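Please examine the sequence and the three-dimensional structure shown below.

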Amino acid sequence: MYTKVEVTGVNTATLTVLSEADKMRLLQELQNGRRAARDELVNGNLRLVLSIVGRFAGRGENPDDLFQVGCIGLMKAIDNFDITLGVRFSTYAVPLIIGEIRRYLRDNNAVRISRSLRDIAYRAMQAKEQLQKELSRDPTIEEVASAVELSREEVVTALEAVTAPISLYEPVYSDGGDAVYVMDQLGDSRTDRDWLEELALKEAIQSLPEREKTILRLRFFCGMTQTEVSGHIGISQAQVSRLEKGALQRIKGQL
């Protein structure tokens, strides 16, 4: 849930919310030359800016400043939106508004970044925006690096240096239902096969007699030698060796 944002000089109760049809109509009028349509679009999407500013609450930043920066992102979205793409305006505008706010936060970050890294990062971000328009998709790091004539490593290092850390619980999308958080989009490096093999191994170990499970635990999880295990459970080292070998063979057979 987002924090409610209070902005000086803005009565949020009176803000209008445009329907998607109204947005498309005004965008078409703007592209046909009616400049007043731009003001209507800005005023009709201020609630969207406020909702995004709420995501950045609790960082010690003045919400008025974030709201103004968010409005800059909104105006960029209005000026650059292509109505022929067939996508919702908010789908296009939200990343631009978030990007503008994050850029502001990076510029005002207490951690100082060298001027050269900052310059590389901004060149890379500008190249990325240009490539997005040309390719109608997000460009790869290699394509961005080629556009700014730098190595992939230099571009990645610069972009990471100016990227503000975010919480795993920061919502990245919500459309009236349950929010999707950053942690929901993190992948697991293990494959389905890895998971299945791990489950099969656990089941195979659980099926062993208790003494053999104890031997394997002491040997492979506690790091004991066979002699130490024999003293611990009161049998000979030869018996430990035989039971360990048999347990491993049974596990191997089940896998």
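F81, F89 and Y92 together form one aromatic cluster. Rings of Phe, Tyr and Trp (its six-membered ring) pair if their centres lie within 6.5 Å; planes under 30 degrees apart count as stacked, over 60 as edge-to-face and the rest as tilted. The structure holds 2 aromatic pairs. The pair of F81 and F89 is edge-to-face because the ring centres are 5.4 Å apart and the planes stand at 80°. Both F81 and F89 are buried, where buried means under 20% relative accessible area, exposed over 50%, and partly exposed in between, with a 1.4 Å probe and protein chains only.

The model is predicted: local features need pLDDT of at least 70, side-chain atom pairs count only at pLDDT 80 or more, and totals for chains, interfaces and linings use all residues. Residues are numbered from 1 along each chain as its sequence is written, and side-chain values use heavy atoms, with hydrogens and water left out.

The chain as a whole may be described next. The chain contains 12 helices and 2 strands; helices (H or I, at least four residues) and strands (E, at least two) are DSSP runs, numbered from the N terminus. Read from the N terminus, the order of the elements is α-α-α-α-α-α-α-α-β-β-α-α-α-α. Of the 255 residues of the chain, 32% count as buried. The accessible surface of the chain comes to about 16,100 Å², and 52% of this surface belongs to carbon and sulfur atoms. Such areas come from the Shrake-Rupley method with a 1.4 Å probe; for residues, only the protein chains shown count as cover. Among the contacts in the chain with a separation of 6 or more, 56% are due to residues 24 or more positions apart, a contact being heavy atoms within 4.5 Å.

The interior comes next. A nonpolar core is a set of buried Ala, Val, Leu, Ile, Met, Phe, Trp, Tyr and Cys residues joined through side-chain atoms within 4.5 Å. The largest such core has 30 residues, and those with the most contacts inside it are I52, I78, F89, I97 and I101. The elements that give two or more residues to this core are α1 (20–31), α2 (36–43), α3 (46–53), α4 and α5 (89–107). Apart from this core lies another, of 7 residues, among them A124, L131, A145 and V155. Leaving aside neighbours within four places in sequence, I101 is in contact with I52, V53, F56, L66, V69 and G70.

Not counting residues up to four places away in sequence, N45 touches L18, K23, L74 and F89. Helix α4 spans residues 63–80 and includes D79, which is partly exposed at a relative accessible area of 43%. The C-alpha atoms of D79 and R38 are separated by 8.3 Å, although these residues are 41 positions apart along the chain.

Most residues other than glycine have a negative phi. S136, in the loop between α6 (115–135) and α7 (141–148), has a positive phi near 60°. This residue, S136, is exposed, with a relative accessible area of 63%. E149, in the loop between α7 and α8 (152–161), likewise has a positive phi of about 60° without being a glycine. At 72% relative accessibility, E149 is exposed.

Which residues make the nonpolar surface patch of about 350 Å²? The patch is made by F220, F221 and L248. Patches are made of residues with over 30% relative accessible area and no salt bridge: like charges are joined within 9 Å, nonpolar side chains (Val, Leu, Ile, Met, Phe, Trp, Tyr) within 5 Å. A salt bridge is a side-chain nitrogen of Lys or Arg within 4 Å of a carboxyl oxygen of Asp or Glu. F220 lies in helix α10 (residues 210–221) and is partly exposed at 48% relative accessibility. L248 belongs to helix α12 (residues 237–254) and is partly exposed at 37%. Beyond its neighbours within four places in sequence, F220 is in contact with E244 and L248. E244 is also in helix α12, but with a relative accessible area of 8% this residue is buried. With neighbours within four places in sequence left aside, the contacts of E244 are I215, L216, R219, F220 and Q226.
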